[in-house]
Each structure stands twice: as C-alpha cells, then as structure tokens.
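Please look over the sequence and the model below before reading on.

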Amino acid sequence: MRLLLPGLTALLLVSTAQAQAQDLTAEVAHSWTSGGEAAAVKVIVDAFTAKGGEWVDWSVAGFESANAAYISRLLAGDPPTAKTAVAGPEVTELIAQGLMNDIDAAYHAAVPEGVVPQVVLDAITVDGKVYMAPTGMHAGNWMFYSKPVFEKAGIAEAPRSWDEFFAAMDKIKAAGITPIAWGGQSWQEGIVFHGVVLSVIGEEAFTRLYTDGDLSVIDTPEFAQAVETFGKLRDYVDAGAPGRNWNDATAMVIKDEAGVQLLSDFIKGEFSTAGEVAGTDYGCALVPGSDSLITLADAFSFPKTGNADEDAAQALLAEVVLDPTVQAEFSVIKGSVPIRTDIDTSGFDVCAQEAIALVRADKIVLDSAMTLSPAINGGFKDAVGAYFADPSMSVESFIEQYKAAFANG
C-alpha cells in the first residue's frame, strides 16, 4: 500500500488543483470600435490577459445597436460576462430587476476611499453596494478645431462666445471650407444641443432641469435662446451631414476638410490614432460661452450569468479596470479623464489638463444620461434630431416636443 501512496497523493493534488482552477473567460460587450476606441480597449484586454483572464470580444458598432443586441441576450438568459454602459439609470433599472451582479468586494479591494468623485460613486452604487467599474469621465461640451483651417481663415484663437463663433464660421465658409464637421445622427445632435443649452442657461438652471427635473427651465427665454442658437448651426454644415458617423466627422477635421467638430472628448482618440498632437495640429476649447463640463462616466456592468467561473472573471475584470495604471493608460488613448483622482496626470495633453482642472475645481454638471431614464433621453434625441432636420419647425413647436419627452418617459 505504501508503494501506491506517492502516486495517489500526486493524483489527489492534481485533482484538487483542477477543481480549484477557474476559467476566467470574459465575453465583453461594447461599442468601442473606432480606431482610437479599439486602441484604448486593448489596454484593458492586455492587462486582463496578463492576470490570467481570457477576453472574448463582442463588439457592435454604434452604442444604440450594441444596447439593443445586449438587451435581447440579457432577456433571453444568455448575457455576456460584462457590458460597457454609462453609469446611471441605464444600468440601475436592470439592477432593480435583479439582472445584475454587484462587484462591491472587488471595488473596495481596488479603490481607496475618497478617490472617486462622490457623484460617480453614487451613480454606481445601489442599496449600499457597488455594481459598476467606471473607466473614466467624458465631457460632452467640447469644440475641437483644425489649426491649419483656422490659420487659413484668419482666425487667431478659439471663439469664446457665440457671436465670435458664428463670425469665425463665416470666415471658414468664405475660405471655401466646411465650417462644422457634423455627425447627423440624433444622439450626436443631442450631445451638441445640451452643450449649447449649458452655455446659454448656465450651471444652476442646467442642473435644475436635468438633475432635478424642474420643467419651468424649459419655459424661460434663455432656453428658447439656446434652441435658436442650436438651429443656427444648420447654416454651417455640409450636404453630406445627415446620417454621418461621428468618427467620419472627426476625420474631416483631422484632414483639414472642416473647421470644427462640436462633440464629446471621446473623439480625441481619433486624433491620437492619426498622429495628431493637441495644441499643435488641432486645438480644443469648451463650447463657446461655457466654463464647466457636462460629464458622464463610462463603466463596465456585470450581468448575472449563474456561472461561478464568470463571477470570478467579472471580479478580475473589475480589478483590472480600476487599476490606476490601466486607468491612466486607457484615458490617455480614449480621451477621457481617469475616474480616480489619485492618478498622476502630468503627462496628459493640454485638452485633458483643462478638463482635469475643471473636475478638480468641481466645475461640472451631470449629463442627463446619468440622471434621467433611457426613455426620457430617447425622447430628447428624437426631438432634437427632428428639429435640426427641419428648418421650418418653430422654436415653440420644438419646446413642446422636448417637454413631452419628460412626460412620456
């Protein structure tokens, strides 16, 4: 019998190791498919793989298409291991239905107290538990511009008011160049519209409307002025704008075929991928009239899969996403600001430095995607898209449709 014990012991050890081994495979759903976004995702993929995970990519171009495909799988009981989302009601509605796993233990093991802004922590926490692993903060009210186009048109610096902006656009048009690289999709137009709204009505009124739901703001002369200003942008876009993807619009600025693009700072990844340098090849400034950021937090969310191995893969992915080195490297490429405030950002570009300074000065307001339901935000996009596409629509008619989005949501 003693002759068999060593072999039996070895067999038991192997069996125990196999039993303890976990398959850390994660199928990850996302819509980060452009060149800059894909490069940023690779930072997370490489770090996840280095820690023993196996990443299975499930990417769908366009976040609306990606969300629709994801919800179909979720409701069918076959969800991916993780899904990128905006931290807020988009995910908390699913949490309320019991469809999501929390990552509370992984989050608290990875993140010291006080290094994530409270507004973000509130958005990813439900009933005292953290459910999402945020990657970074994006701001929607940016203007990126081609420095060669500005030089050709005789524009010395980024316009700081709407009067200066439209005067600059007239100069670019006179130079034979498309003034605004416009992505003609309702979700893009919604981002631009909210940037215009903040610039005209200010932080306090913006927060009352989009965080507190105070509809009286919509009935003010300032809101009507914002609608008129937004409508005036139609005069400076090209005939190919309807339906254009955001990254195709960004390419117009990169190639000096257009003067400016108004959108979120996530477009900055396209400039980086093209070898463009902020402050040298292109410039950045807040939407004219603004001195604060409209911010939202991207995050990974984690559906319930009923599989212990996938639960372990979720915890590992959360740990990787929240790692300070990954946060920094990801944000540099993606164009975002790291969600952790304890990260050295001295190596970030001039655009990111301006955003970081505003975040640290608490000069931020929350994007409606973090405060209002997907149904309400969908109504906003529909109303804005219809208004921009129809110059004959009155400001009053648009305002009624916009206000109805709250009631219908």
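Two strands are said to pair if DSSP finds at least two bridges between them, and helices (H or I, at least four residues) and strands (E, at least two) are DSSP runs numbered from the N terminus. This is a predicted model, in which local features need pLDDT of at least 70 and side-chain atom pairs count only at pLDDT 80 or more, while totals for chains, interfaces and linings use all residues. Residues are numbered from 1 along each chain as its sequence is written, and side-chain values use heavy atoms, with hydrogens and water left out.

- Four strands form an open sheet in the order 8-9-7-10, and their pairing is mixed.
- Strand 8 (178–180) and strand 10 (282–286) are at the edges with a single partner strand each, so one side of each has no neighbour in the sheet.
- On average, neighbouring strands of this sheet are turned by 20° against each other, direction ignored; axes here are lines fitted to C-alpha atoms, for helices over the stretch in contact, and angles run from 0 to 180 degrees between N-to-C directions.
- Strand 7 (residues 142–146) pairs with strand 9 (residues 258–263) in the antiparallel sense over four bridges, and Tyr-145 stands opposite Val-260 in strand 9.

**Helices on the sheet**

- Helix 8 (residues 162–174) lies across strand 7, strand 8 and strand 9, and runs at about 155° to strand 8.
- Helix 15 (residues 350–360) also packs on the sheet, where it touches strand 7 and strand 10 (contact means heavy atoms within 4.5 Å), and its direction makes about 15° with that of strand 10.

**Helix 11**

- Within helix 11 (residues 246–254), the buried residues include Trp-246, Ala-249 and Met-252, where buried means under 20% relative accessible area, exposed over 50% and partly exposed in between (1.4 Å probe, protein chains only).
- The cover over the buried residues of helix 11 includes helix 2 (35–50), helix 9 (186–210) and strand 9.

**Helix 10 and helix 17**

- The axes of helix 10 (residues 221–232) and helix 17 (residues 395–408) come within 10 Å and cross at roughly 110°.
- Phe-223, Ala-224, Val-227 and Glu-228 in helix 10 meet Val-395, Phe-398, Ile-399 and Tyr-402 in helix 17.

**Thr-295**

- Thr-295 has its place in strand 11 (residues 293–301), and it counts as buried at 2% relative accessibility.
- With neighbours within four places in sequence left aside, the contacts of Thr-295 include Met-137, His-138, Asp-367 and Met-370.
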